[in-house]
Amino acid sequence: MRKTEKEKIIEDLKSDFLRNRKYSLAKDVYTSTDYDNFKSLAMTIRDRLIERWILTQQRYHDENSKRVYYLSLEFLPGRFLSNNMINLDILEECKSAVSEIGLNLEDLCEQEVDPGLGNGGLGRLAACFLDSMATLGIPATGYGIRYDYGIFKQKIEKGFQVEVPEEWLRLGNPWEFEMPEVTLKIRLYGKTIKRTDKNGKLCVDWVDTSDILAMPYDTPIAGYRNGVVNNLRLWSARSTEEFDLDYFHDGDYIKACEDKIVTENISRVLYPSDNVYKGLELRLKQEYFFTSASIQDIIRRFKMHNNDFSAFPEKTAIHLNDTHPAVAIIELMRILLDEEELDWDMAWGITTGTFAYTNHTILPEALEAWPVSLFGKLLPRHLELIYEINMRFLKDVAKHFPHDQDRLKRMSLIEEGPNKKLRMSHLCIVGSHSVNGVSKLHTELLKTTLFKDFYEFCPEKFNSKTNGITQRRWLKKANSSLAQLITTKIGDEWTGDLTQLKKLIPLSSDRLFKKKWSQIKRDNKIKFAEYVKNGTGVIIDPDSIFDVQVKRVHEYKRQVLFAFYLIARYLRIKHNPKKNVVPRTAIFAGKAAPGYARAKLIIKFINNIADVINKDPEINDKLKVVFLENYSVSMAERIFPASDLSEQISTAGKEASGTGNMKFMLNGALTIGTWDGANIEIAEEVGLDNIFIFGLKADKIAQIKATGYNPHEYVKKNPLLNESLSLIKEDFFSQFEPGIFKPLCDSLIWHDEYMIFADFEDYVATQDKVSKAYRDQEKWTERSIMNTANSGRFSSDRTVAEYAEDIWGVDHNGKK
């Protein structure tokens, strides 16, 4: 009997799995560990990626396609195995193949370690974009750093965040390929010498440099069901000298290896602390290291098929994901001027025609500004070029705005003062042809506040591109039961076109469909409750509202507001213990930057509150609080499908966009949020009946601050807030650590920079509306369906298509 195509695929997968286990790992059924079996399957899937990868890259070369290069200091891809099986459309065949071998696919997938290549939304957005670029058939490469230890592995000990190395590479990485033949030299320090060549042209040589090597590791990125496989190239630092034999023979064994150790620190850890000079220097080295390697690599690839640099912008689009890669602008200028010997105007025209910049924050402290002294010491030639760019730019500004010295100071690339600084966001704007925000509100705030001067000078550069997420990972993979239900009702076109989910709208009133939807949500909550119990020992009720805030811990994201609400809810229950309340489980997760003391204190604050509430017998199951340690993509894939309520409560005007809000929405959670970032666009899509909006808007906050904000007044007017604050001040949540939360209280009472007290009353009132709404489970399920049905706008496929058409000028899926 002839085998079906599916049976043949299963047989091939089994054969390749056993071959990889035996010949690549030297293991058999008796000696292989669970991780060995995961690795054997990963290699089996990788083999199929390689075939498509080679064909894709060869086609790009043959067609001399315009390439997109996405430079990001972070990528947060999550586990690759399931995602690759989905994108190759062989998930079911893999399940059957490993089952016939006697293994369980879910167990194998759990063996994979999350790559430690990012921290928060910036890195996850970059990963979603890579997925969408491949799915849309855009010739693209992601460039970043192959961190040995990521940012850190978070442990919670006695309520405190403790950072330990994240050894994600300890057992190897089956998805990457080392490419030593493409290793590039990166220069640092040294000095510049001016000379005149035989034609009388002024030339500059950068000499006496300290050199390091950048070795690339390539990871294939598969498109969805289209045979396209793009590339993520990550650079790892290597010393030019592995070993100094003279020191070794003299008995100084540590000194013999010192150069190697110091050099390779560059790619050890994401975001080394910049609170000390050495850390600041290391961060700048990191940024130049990966941008220099990437620019050299881009030029090398361009020159394989082109010999006229005037065509560079027609063949190359380089995108800067925030300000971290900004020095790439100067590196391209340096190479064009000093190595390719182009004249200034041509080099600058090529540079500005090639680069585009996405801004991700309006927080001034988050915009990079390097001390000129440090920058000049590390990159002397680049500083000279920055001064020249600045002089020419300010001359141009002065022509448009004569006699406006204040404007020139504000727009200069150099921040004057006792310690001069380089404004890297200004460099990004000046050196790019496109500057975009990541939501409508964020872009308007860029144009009217942070970059107002630049918008008035070059309005044509500014545009908005609302962020998005990939539905393949965040629904099809993360919530397979819901994805299957949706597909049985409307087909599977939504996996490539998320707007197809609109077809669910009529089903929101279908009783049987609602029942199935509700059951899937409850099943997800039961699974997640078991996960929480195993991880923390806390038992949570699947029938309670799962009220979730998972994201990087920062004051503007206002985890403290959520915590104050929990204290208020606790007090209400204590005051009236017999009252029938809707049970609620508050779930937190997220990391604080190692040098951010206030954010780390907030984590301790939440954990102390949780400890008191969870141990109070009078509260019982009416309220539980959990903080899950070491938040990751894999954890997020468990959380979003189980969530009822999504906390998006940043101070209005502070969150650029947010993408967690979109993942919650896609999985049918309702949002409680401020009029901020992409919350506004979510409200526009889903309707105000299906979202809970509260709090002051950005313009009202600016008005209150301008006239003088007094947090005391809000405390005096609200007895519940006053009592909550008193409990904290009286060490009710820190009986064995008196005074530990005094800095937090003082900051709120005297400053309250992020308007927590001003929004508290409305937030509590809106949470009461949530509880009331949740009592009507049938109506809540309708709202849940409406959230998923209206999430089509928030696919990263849509976002990337807009980038391709409006900024990069490249085809996608045959369209331009």
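**Sheet architecture and helix packing in the predicted model**

Three strands form an open sheet in the order β13-β15-β14, and their pairing is antiparallel. Strand β15 (residues 421-423) runs antiparallel to β14, to which it is joined by two bridges. Within this pairing, isoleucine 414 has leucine 422 of β15 as its bridge partner. The description given here rests on a predicted model.

A further open sheet comprises six strands, arranged in the order β20-β19-β18-β21-β22-β23 with parallel pairing. Here the edge positions are held by β20 (623-628) and β23 (692-693), each with a single partner strand, and therefore one side of each lacks a neighbour in the sheet. Six bridges connect β20 with strand β19 (residues 584-589) in the parallel sense. Phenylalanine 588 lies opposite phenylalanine 627 in β20. Helix α22 (residues 559-575) packs on this sheet, where it touches β18 (545-550), β19, β20 and β21 (645-648). The direction of α22 makes an angle of about 155° with that of β19.

Burial was also examined for helix α17. In this helix (residues 440-450), the buried residues are Leu441, His442, Thr443, Leu445, Leu446 and Lys447. An α-helix has 3.6 residues a turn, so residues three or four places apart point the same way. The elements that cover the buried residues of α17 include the strands β16 (434-437) and β17 (462-464), together with the helices α18 (452-457) and α26 (679-686).

Terms used: Residues numbered from 1 in each chain as written. Predicted model: local features only at pLDDT ≥ 70, side-chain atom pairs only at ≥ 80, totals over all residues. Heavy atoms only, no water. Pairing = 2+ DSSP bridges. Helix = DSSP H or I, 4+ residues; strand = E, 2+ residues; numbered from the N terminus. Contact = heavy atoms within 4.5 Å. Axes fitted to C-alpha atoms, helices over the stretch in contact; angles between N-to-C directions. Buried < 20%, exposed > 50% of the residue type's maximum accessible area, 1.4 Å probe, protein only.
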